[in-house]
Amino acid sequence: MMMALSRLATLVVALMLAAPLPATAGKRDNTLRWVSTFSIASGEPYYNSFREGVLFIGQMVWDTLIHRDPDTSAYKPLLATAWRWIDPTTLELDLRTDVTFHDGRAFSADDVVYTINYVIDPANKVTNPSNVNWIERAEKTASHQVRLILKAPFPAAIEYLAGPIAILPVDFYKDAGADRLVPAARLIGTGPYRFTRWEPGKEGQFDANPTYMADSPKGRPAIPRVVMRVIPDAATQMAELMAGRVDWIGQLPEDAGRQLASVPNISMLASETMRIIFLQFDVQGRSGANPFQDLRVRQAVAHAINREAIVANLIGAGSRVWHAFCFETQVGCTTDVQRYAYDPVRAKALLTEAGFPNGFDTEILGFRSRPRIEALNGFLTASGIRTRLQFMAYSAVRDRQHKGQARFVDTSWGSYSVNDASAMINPFFTHLGDDMVQDAEIKAWADQASRTIDPEERKRLYGQILRKIADNVYILPLYTNPSVAAFTSDLAFRAWPDENPRFYMQRWR
């Protein structure tokens with residue numbers, strides 16, 4: 001079972017090597033074709049459950065007020081030329097006067113005020129409110145100047161403004177229905193690429209913006225056209241890459257990537273990301289009384305899984321066993337937390353202490369890497385926790401969580417590439433939809449840490465939070481998720497830990 005995808009890759013490679021390969025289409029027609037496994041229904045960045053929509057497409061088509069250099073982490077002007085704190089809760093930003101949207105409309109303070117005030121309104125129910133709910137309101141102070149009024153001091157404000165907060169034109173959502181699916185003709189931004197075709201759930205085409213600002217820190221695109229194709233099946237993705245009809249695929253298991261790398265004209269790159277793979281438990285009991293409400297059961301889960309074996313034999317390069325519910329580069333993160341070694345004997349003893357000497361049966365929800373979850377389930381079953389995997393789309397998993405219909409979930413979070421511990425902790429521990437614990441003390445600490453300017457105090461508070469999460473196994477971090485990409489050798493592909501491939505910064509060799 002664990003080797004199924006590897007055998008599949010081997011078979012696909014063998015079949016493809018039996019026939020001559022065509023020249024790589026991408027460089028030949030100057031079009032970079034990339035594949036999404038997930039069916040992305042929405043082309044806009046705020047009602048999107050997928051990183052591909054929020055960041056891949058989001059930063060291609062739209063710009064943020066501030067830019068964080070992916071190589072140096074330095075903050076640079078983008079739509080804003082300058083910013084300053086008027087007081088601890090008031091941020092003033094000067095805006096560029098020479099920017100136009102893809103349809104020719106001039107960019108101004110009105111667009112910033114519209115975007116911010118729309119996405120912070122709880123009635124509009126953006127997908128990830130923790131990205132924006134620290135803002136009280138946006139005000140226009142001049143034609144190209146705005147002020148953001150914060151609910152409380154928020155030291156990560158600049159980081160968020162450089163990340164998931166894309167600026168949309170006025171009335172962007174005017175024609176969107178209750179599902180917020182914006183018509184293709186209204187998918188207008190200021191970014192380095194513009195939509196030229198959008199078939200929700202199937203394909204999108206993006207052409208370089210000919211009027212994009214020459215001095216943007218993003219740079220002007222070197223590749224004039226990018227096409228996204230949705231191909232859910234891994235074997236089909238690999239076959240399309242080897243046939244030269246696709247130029248880049250990501251989120252591959254390492255063994256599949258190695259198989260593809262043996263094919264002429266194809267390269268593979270495995271790199272660690274800031275995405276953490278972890279288990280969630282219905283500690284609150286929203287799904288009804290369940291074994292995971294007992295700390296000893298959650299500890300048994302932690303001891304039952306041989307994470308080292310899964311990383312070494314299945315996930316591979318670019319992954320590490322992980323214990324803290326944050327990534328080490330994030331401001332406020334500490335990895336000095338309780339760790340649980342692989343100990344199946346201890347796992348069985350804990351289950352007996354909790355009243356389950358014969359173990360128990362449970363459903364586990366998952367959406368990312370079926371072979372890895374099945375390997376994890378094998379270890380759990382050996383200790384008496386017999387799991388039934390319900391493998392479904394991420395949106396379906398999240399919907400069941402939000403409705404209180406999930407007891408045990410294998411999931412992951414990449415913090416929307418925000419390099420601050422709040423981006424990891426706040427979505428899961430401040431009583432939002434993904435919070436399956438509802439610990440009032442942690443929420444109070446997280447709220448305080450989010451508005452505390454003193455970096456040492458923030459570190460102390462996040463340390464308390466992270467240690468309590470680990471001590472109580474509220475969430476069980478498992479490993480860092482690698483980004484394994486396979487691509488045509490004509491592409492001089494670069495990768496960054498935030499999982500954003502930044503196609504606008506990629507070049508042909």
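In helix H9 (residues 307-315), the buried residues are Arg307, Ala309, Ile310, Val311, Leu314 and Ile315. Buried means under 20% relative accessible area, exposed means over 50%, and partly exposed lies in between (1.4 Å probe, protein chains only). Helices (H or I, at least four residues) and strands (E, at least two) are DSSP runs, numbered from the N terminus. The cover over the buried residues of H9 includes helices H7 (254-261), H8 (295-304) and H11 (370-382), along with strand S16 (475-488). After H9 comes Gly316, with a positive phi near 90°.

This is a predicted model: local features need pLDDT of at least 70, side-chain atom pairs count only at pLDDT 80 or more, and totals for chains, interfaces and linings use all residues. Residues are numbered from 1 along each chain as its sequence is written, and side-chain values use heavy atoms, with hydrogens and water left out.

## H9 against H11

The axes of H9 and H11 are 11 Å apart, and the two helices pack at an angle of about 145°. Axes are lines fitted to C-alpha atoms, for helices over the stretch in contact; angles run from 0 to 180 degrees between N-to-C directions. This crossing is right-handed. A crossing is left-handed if the near helix is turned anticlockwise from the far one by less than a right angle, and right-handed if clockwise.

H9 brings Ala309, Ile310, Leu314 and Ile315 to the contact, while H11 brings Pro371, Arg372, Ala375, Leu376 and Phe379. Contact means heavy atoms within 4.5 Å. By class, there are eight nonpolar, no polar and one charged residues here. Ala, Val, Leu, Ile, Met, Phe, Trp, Tyr, Cys and Pro count as nonpolar; Asp, Glu, Lys and Arg as charged; the others, Gly among them, as polar.

## H13 against H14

Helix H13 (residues 422-429) and helix H14 (residues 440-451) cross at roughly 145°, and their axes come within 10 Å. This crossing is left-handed. Ser422, Ile425, Asn426 and Phe429 of H13 meet Ile442, Lys443, Ala446 and Ser450 of H14. The contact has four nonpolar, three polar and one charged residues.

## The nonpolar cores

A nonpolar core is a set of buried Ala, Val, Leu, Ile, Met, Phe, Trp, Tyr and Cys residues joined through side-chain atoms within 4.5 Å. The largest core has 150 residues, and Leu65, Tyr173, Trp248, Leu279, Val301 and Phe429 touch the most other members. Helix H4 (residues 109-119) gives the most to this core: seven residues. A second, separate core has 14 residues, including Leu241, Val246, Ala256 and Val263.

Take Tyr173. Leaving aside neighbours within four places in sequence, its contacts are Glu44, Tyr46, Tyr47, Tyr114, Tyr118, Leu168, Arg180 and Val182.

## The disulfide

A disulfide is a covalent bond between the sulfur atoms of two cysteines. The rule used here asks for a pair of cysteine sulfur atoms within 2.5 Å. The count comes to one. Cys326 and Cys333 form this disulfide, with their sulfur atoms 2.1 Å apart. The torsion about their S-S bond is about 65°, so the disulfide is right-handed. Cys326 has 0% relative accessibility, so it counts as buried. Cys333, at 12%, also counts as buried.

## Met505

Met505 sits in the segment after S16. Its relative accessible area is 21%, so Met505 is partly exposed. Met505 and Arg220 are 285 residues apart in sequence, but 7.9 Å apart in space, C-alpha to C-alpha. Leaving aside neighbours within four places in sequence, Met505 is in contact with Pro70, Lys218, Arg494 and Trp496.
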